[in-house]
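Subject: Structure handover and findings

Dear colleague,

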Amino acid sequence: MAREFSTVGVVGLGTMGAGIVEVFARNGIDVVAVEISAPALERGRATLKGSTDRAVAKGKLAEADRDALHERVHFAVGLDALHSVDLVIEAVPEHLDLKQRIFAELDRVCRPETILATNTSSLSVTEISVATSRPNQVIGIHFFNPAPVMKLVEVVRTVVTAPEVVADVEALCARLGKVDVTINDRAGFIANALLFGYLNHAVAMFESHYATREDIDAAMKLGCGLPMGPLALMDLIGLDTAYEILDTMYRRGGRDRRHAPVPLLKQMVTAGLLGRKSGRGFYTYERPGSPVVVPDEATPLATDGALADGARAIAKVGVVGSGTMAIGIIEVFAKAGYEVVSVTRGMEKSAKVCEAVKTSLNKGVVRGKLAEADRDAALGRISWSATLDHLADVDLVVEAVVEELSVKKALFASLDEICKPGVVLATTTSSLPVIDVAMATQRPADVVGLHFFNPAPVMPLVEVVRTIRTSPEATATARAVCAALGKTGVVCGDRSGFIVNALLFPYLNDAVKMLEASYSTADDIDHAMKLGCGYPMGPFELLDVVGLDVSLAIQRELYLELREPGFAPAPLLEHLVTAGYLGRKTRRGFRDHSHR
Ligand SMILES: NC(=O)c1ccc[n+]([C@@H]2O[C@H](COP(=O)([O-])OP(=O)(O)OC[C@H]3O[C@@H](n4cnc5c(N)ncnc54)[C@H](O)[C@@H]3O)[C@@H](O)[C@H]2O)c1
């Protein structure tokens, strides 16, 4: 017989606790909500009220249900109020000594059969449990932020947690409408172990002025479809909490340097910049606790029109190459009203590229996304050539030839001879240093990277890579062109992986290492990232789509350039590639796709 949970206690009503109270009360369970002081209690009450009022305003909760929800919550200062609850969830700050003290006290206050749970993100549940006389009834119930929204709960069992306690808590999660994954007690569990290295790396990029906060966040949202960028997510988590989680993961998780909190984080916490909860973190918010970002001194000025910041006027664009990217890029420019000169290595290739562009534009017409007249106008703007000489009068060249440095360098040397002065020369390389191709010309100040994503007509992001020789005008021109294409251009330095791949692939590689260590299954890891963090695909789904060979090559590049031991490719990834399991394209990768 499953245990009945009619009343639960929640200790600490901060970012997580207030949301956890809401989850229980929404599902018909009485809650005793406890804080350390009367003002903190009032803050928690106000958070709950704000959240449920917003749900009513959005039509997601009936007024009567909200009122009933509030009636189920009893607020109190001090742990004594928890004497007769069936389960307690602790959500106080991420400090082991504090949590141990609270658990020792809960052990005294609560009935002997009460289950004691912690919402810790990174501390050892086992160490917390031994502060009580009932470690077999102690468990981790790790909710995700915001608790009422995110579907995932990580249930953490220690070596002593009783199996019936695990089963009862799993049944409770189901009653709350949550999906649970049950795992052993390891720093960061599934989701945070995969998330925090990425978040810390994004902070390091920001700290080193590699890219702006807006550009880092836009890159991950638009390049990977994430619900929010890493710095906005840090603000939501709370920088003090994030600092503690990183610090604990560093110490417990094998001293992986990627978890050593970036120094800027400590400085921000000390300065009281805690994120949304204090009204200021990486961004500035309307007021403490508000999700509304307001402009501050770091907000980029809105540029009206394409010619801001010394950007040069671009009317005619050359696209060199005949592969997938070149074809997509030709279409993008032509649709946006640019005159386009497509250059390939022979008329036969040109005919193929022309066919491919036509086919893609026709698809747009069939789907009702493009008028026939606009298709014809776009095609009318493109001229097809097999000689670079036709680029003599273009204003911008986008190179999208094979990913080989010698080929690209030779091409840029030719462009340097042919193109008029002042032209912006762009490479679409995704892995080669842009400075290498820039130095093949006599005009490195005019060379940028324009890293489009595949498929170019669909993906809204372009990474604009500036080298140490790129002029501000060339960067501004590239950014203005992206805007004119209807895309977001994010500016970053010339380092392996730029923003998106540098942040994405180590995370994917970490997921492979987690699977390899048998900590969890591919399904549960995918679930955790989708339901806990709102990712559109889990890491193994994404790896199978991207291709394991491509992923391994990118990861190797990152490792070689940055020499970060944590970036070493996972042996399992290498073995799968060696075995020819490359993902969907070979019908087998992490999963078997032969029947789909
Ligand atoms: N922030 C997140 O995104 C997130 C997500 C999942 C889990 N967690 C975990 O949840 C826990 C809480 O984190 P948070 O971000 O909500 O922290 P927080 O700082 O926002 O809130 C902590 C609350 O605990 C209260 N508190 C402190 N000492 C107390 C005591 N002795 N008795 C009762 N209340 C006390 C504080 O007044 C505060 O309101 C941490 O273990 C954290 O790792 C956080």
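The notes below cover the annotated domain, the nonpolar cores, the salt bridges and the cysteines.

Please bear in mind that this is a predicted model, in which local features need pLDDT of at least 70 and side-chain atom pairs count only at pLDDT 80 or more, while totals for chains, interfaces and linings use all residues. Residues are numbered from 1 along each chain as its sequence is written, and side-chain values use heavy atoms, with hydrogens and water left out.

An unreviewed UniProt entry lists "domain: 3-hydroxyacyl-CoA dehydrogenase C-terminal" at residues 188–285 and 497–592; such annotations may be inferred rather than shown by experiment. Residues 188–285 are 60% helix and 2% strand, with the end C-alpha atoms 28 Å apart, and residues 497–592 are 62% helix and 0% strand, with the end C-alpha atoms 29 Å apart. Helices (H or I, at least four residues) and strands (E, at least two) are DSSP runs, numbered from the N terminus.

The largest nonpolar core has 118 residues, and Leu82 and Phe282 have the most contacts inside it. A nonpolar core here is a set of buried Ala, Val, Leu, Ile, Met, Phe, Trp, Tyr and Cys residues joined through side-chain atoms within 4.5 Å, where buried means under 20% relative accessible area, exposed over 50%, and partly exposed in between (1.4 Å probe, protein chains only). Apart from that core lies another of 39 residues, including Leu13 and Leu176.

The structure holds 40 salt bridges, each a side-chain nitrogen of Lys or Arg within 4 Å of a carboxyl oxygen of Asp or Glu. Arg111 and Asp86 meet in one of them (2.8 Å, N to O), and this pair links distant parts of the chain, 25 residues apart. Arg111 is partly exposed, at 28% relative accessibility, whereas Asp86 is buried at 14%. Arg111 also forms a salt bridge with Glu113, their closest N and O atoms being 3.8 Å apart. Within helix H2 (residues 38–57), Lys49 and Asp53 lie four residues apart, about one turn of the helix, and they form a salt bridge with closest N and O atoms 2.8 Å apart.

Finally, a search of the whole structure finds zero disulfides, a disulfide being a pair of cysteine sulfur atoms within 2.5 Å. Cys492 is buried at 0% relative accessible area, and its sulfur is too far for a bond because the closest cysteine sulfur, in Cys482, is 11 Å away.

With best regards
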